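Please keep the sequence and the structure in view while reading.

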Amino acid sequence: SVRFILFNKYADIVAQHQLEFPQYYPHPGWHEHDAEEIQQHADMCIAEALNSLEASGFSKGSVKVIGITNQRETTVAWSRSTGKPLCKAIVWADSRTKNTVAHYEQKLGQDGIQVSPGVWKKEKEGVEALREITGLPLSTYFSAIKLRWMIDNYPDVSKAHNADDLCFGTIESWIVYNLLGGAKTNIHISEVSNASRTLLLNTTTLRWEQSLVEFFGFRPSILPKLVSTSEVYGNIASGPLTGVPIGGLVGDQQGALIGNKCLTRGEAKCTYGTGAFLLFCTGHDIVKSTHGLLSTIAYQPGPGAKPVYALEGSIAVAGSAVKWLRDQMKIISSAGEINSLAAQEPDTGGVYFVTAFSGLLAPYWDPGAAGLLIGISQYTNPSHIARAALEANAFQTRAIIESMKLDSGSDLKALRVDGGMTNGDVAMKILADIGGFRVIRPEMRESTALGSAICAGAAINLFGWDLTKPESLSDVNTKGNVEFTAHTTEEARQIKWEKWQLAVERSRKWEQGDIGKA
């Protein structure tokens, strides 16, 4: 969905509007968005939220600054001359690019990448060098792979690329381009937390890495100008917010980290939306994971400022498994219903659900893994399957946290959570039971939107907010938290955990990428 939310200095929601927009699944493993539809829905949400604002006695002039936060990695290709998309956007969870990944794995093995003039690293050293530069592995998940597929498969994108007419960007880049005037002004920018998910950014220098641009065969003209997470990028060019500055751009998961005020080393949050994303703040240090996690930029608090980094583990399917049970399997009629259905049984009756609809992300990194329901018998009923879907979410969260413990050397005492799936108490109790840690859920759970609002406010020093001074946010979102604690024994937890790992093993490498079809 698209939503527009207006916050006051305490993070109370003053007005908001939300609209779902169409999802396109043209083939198995494919997931597309229409970038123009996203922009149209954004414009409608702004207009409707402002109507609500005025209806409650405020004027439009009370909106001081806006921030934008977005699903990262989703890739948009548009024409610089027309300002129009050249094809549908490829969504972050789309896995059509398995063969492209296989091709570049082979290229990395045989040719390698240039790490300094005349020095090439290939095979295992090449994989390591890629991680050293970007913090990321080669995967269907990241934007460069999606863009390469577009250029190789859509003649219009290829033609624009060759003519230096192609603009490449993630969703924040596309939205800010349109709000600041589109093709008339051609303000083509990308913020560093989003750019760090492309496989093209050097996360140490915060610059596009020329050797990787060449490795993927891109022309430098396609790349947006890099900007920080909190600064004024320009003023809105038209519509009801004409003249209002845009002051914050941030990827959704980094936005949630900021919205949960996890700004110091060792603090962690997990957002359960379409997918689930666990971020662990590592301060100014880049922690290289040896256990399947990503090193990523959390935020850069202003132009030229020292960035803050995080370790991240991503789960491709969380809320989208609930949506699948609702829309495809028809065993629930609304997403919220999954909690009451799951509550009808005390356990899953031995059923495990590996929700690998588009492979598995952290810490497994297996694009060939397939969705799997195992342990089914004549005893199995819809409640068991609903409960297994919620357990899948918890097991995958635990897998990431186990890796974080090994990488950071510290135990996680509590996990701050937000996102649509956290509205259900049953889901949160299951998470605490399987994870064996405290789960803290704030009352106001629009943390992602709040994070972008904080970045925008800090850019103009609104309310004295400052991303480098966490204490400046002490009045923000302090209303009641709900805590969930584990009620199972360690022994019972371990037995289920080992069964889950067996189920994952059975789902892995079901499909293999074909190098010959890149």
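Which side chain meets that of Lys 479 in a salt bridge? Asp 12 does, with 3.1 Å from N to O. The model is predicted.

**Domains and their interface**

- The domain assignment of the protein chain gives domain 1 as residues 1–63 and domain 2 as residues 267–507.
- The centres of the two domains, taken over C-alpha atoms, are 24 Å apart, and the contact draws on 11 residues of domain 1 and 12 residues of domain 2.
- About 1,000 Å² is buried between domain 1 and domain 2, with 63% of that area coming from carbon and sulfur atoms.
- On the domain 1 side, Phe 7, Lys 9 and Ala 11 lose the most area to domain 2, together 47% of what that side buries.
- Two salt bridges and three residue pairs in polar contact are found across this interface.
- β1 (2–7) and β2 (13–19) each supply at least two residues of the domain 1 side that touches domain 2; β1 gives the most, with three residues.

**The three-stranded sheet**

- An open sheet with mixed pairing has the strand order β4-β15-β14.
- β4 (66–70) and β14 (230–235) are edge strands with a single partner each, so one side of each has no neighbour in the sheet.
- Neighbouring strands of this sheet are turned by 35° against each other on average, direction ignored.
- β4 pairs with β15 (residues 245–251) in the parallel sense over five bridges, and Asn 70 stands opposite Gly 251 in β15.

**Helices on the sheet**

- Helix α6 (residues 171–179) packs on the sheet and touches β4, β14 and β15; its direction makes about 145° with that of β4.
- Helix α9 (residues 252–259) also packs on the sheet, touching β4 and β15, and its direction makes about 105° with that of β15.

Key:
Residues numbered from 1 in each chain as written. Predicted model: local features only at pLDDT ≥ 70, side-chain atom pairs only at ≥ 80, totals over all residues. Heavy atoms only, no water. Pairing = 2+ DSSP bridges. Helix = DSSP H or I, 4+ residues; strand = E, 2+ residues; numbered from the N terminus. Axes fitted to C-alpha atoms, helices over the stretch in contact; angles between N-to-C directions. Contact = heavy atoms within 4.5 Å. Domains from an automatic or database assignment. Buried area = accessible area lost by both parts, 1.4 Å probe. Salt bridge = Lys/Arg side-chain N within 4 Å of Asp/Glu carboxyl O. Polar contact = N/O pair within 3.5 Å; in protein donor to acceptor, adjacent residues only side chain to side chain.
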